[in-house]
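Subject: Handing over the structure

Hi,

Here is the structure I said I would pass on.

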Amino acid sequence: MILSRWIGPGLAALGDLLLPPACAVCGALLDHPAPAVCPECLFGFEHLSGPGCYRCGQPYPGAGLCPDCRDDPGHLGKIRSVYVFDGALQEAVLRLKLNKKTRLASFFADRIAWADLPDMNLRAQDYLVPVPLHKSRLAGRGFNQSQLIARRLSRLLGVGSAPYHLIRARPTLSQFQMKSKRARRDNLMGAFAVTGGHPFTGKDLCLVDDVVTTGSTLGACADALKQAGARRVVAVTVARTIQHRSP
Ligand SMILES: [Zn+2]
Ligand SMILES: [Zn+2]
């Protein structure tokens, strides 16, 4: 980890090939390059479990839909996530995006494929559609983590991946900075578009992203896909932020 910092994130991926296998999260040395995460970090990844809203998947003790989903039905059928975005898992997502630990994308795809996601059959989807980055962000990072996850997931599940037809037409501010639902919606207005020649008409699609926070980004993607003629849009993410944790 120290060496990776010293040589800078641009060379970190190369360093991973030259150095002995190490945990992609904490840097502890591993006996074997796979899996990319040491048992201790893996133990710190908290599974999203217990009763959840049928639609957005956030923890909700009541039956059916949480108040957010009741107020705003939208075009997104449901969202399912494997982990809670917190602790070691949060660190892992940052390592993937900022330190270019791209082997974590494969690791996360494996976890999604093996997860028992309630009321979600990923193999029944026609296409996996990664949430796109704007080209300026893509140029800065060099890769789209959601696209890497979707590519591997596509191979594991035998479901096609369609990474190029849903695009981010303009850059947006981070949804974390948006306080109100209205501000989040305005920030995303017209942000996503579907290009011509797309294969989405009449198809069942599953959006793929690393983290879901409020669901407004996934919702805006679903709007664009439905407008392009998709039959049904659902979403799967590695992790979800939990707004209100029960004591
Ligand atoms: Zn570790
Ligand atoms: Zn909900």
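This is a predicted model: local features need pLDDT of at least 70, side-chain atom pairs count only at pLDDT 80 or more; totals for chains, interfaces and linings use all residues.

Residues are numbered from 1 along each chain as its sequence is written, while chains are lettered from A and ligands numbered from 1 in the order in which they are written.

The chain has 10 helices and 7 strands. Helices (H or I, at least four residues) and strands (E, at least two) are DSSP runs, numbered from the N terminus. Of the 247 residues, 38% are buried. A residue is called buried if 20 or more other C-beta atoms lie within 10 Å of its own, exposed if 12 or fewer, and partly exposed in between, with C-beta atoms placed from the backbone. Among contacts between residues at least 6 apart in sequence, 73% join residues at least 24 apart; a contact here has two C-beta atoms, placed from the backbone, within 7 Å.

Now the sheet. It is open and has 5 strands in the order β1-β7-β6-β2-β3, with parallel pairing. Its edge strands are β1 (76–84) and β3, each pairing on one side only. Two strands pair if DSSP finds at least two bridges between them. β1 pairs with β7 (residues 232–240) over 6 bridges, in the parallel sense, and leucine 76 has valine 233 as its bridge partner in β7. Helix α5 (residues 87–98) packs on the sheet and touches β1, β6 and β7; its direction makes about 110° with that of β7.

β2 (residues 127–130) has a partner on each of two strands. To β6 (residues 204–212) it is joined by 4 bridges, running parallel, and to β3 (residues 160–161) by 2 bridges, also parallel. Tyrosine 127 stands opposite leucine 205 in β6 and has glycine 160 as its bridge partner in β3. In β2, Tyr127 and Val129 point one way, Leu128 and Pro130 point the other way, and all are buried.

Leaving aside residues up to four places away in sequence, glycine 202 touches Gly229 and Arg231.

That glycine 229 follows helix α10 and has a positive phi, near 105°. α10 (residues 216–227) has 12 residues and should span 16 Å at 1.5 Å a residue, which agrees with the 16 Å between its end C-alpha atoms; the expected span is 1.5 Å times one less than the number of residues. Since 9 of its 12 residues are buried, α10 is largely enclosed by the rest of the structure. Cys221 and Leu225 are among those buried residues.

Lastly, a helix pair. The axes of α6 (residues 103–114) and α8 (residues 145–157) come within 8 Å and cross at roughly 50°. That makes α6 oblique to α8: angles under 35 degrees count as roughly parallel, over 145 as roughly antiparallel, 65 to 115 as roughly perpendicular and the rest as oblique. Axes are lines fitted to C-alpha atoms, for helices over the stretch in contact, and angles run from 0 to 180 degrees between N-to-C directions. Residues meeting across the pair include Phe108 and Ile112 in α6, and Leu148 and Leu153 in α8.

Cheers
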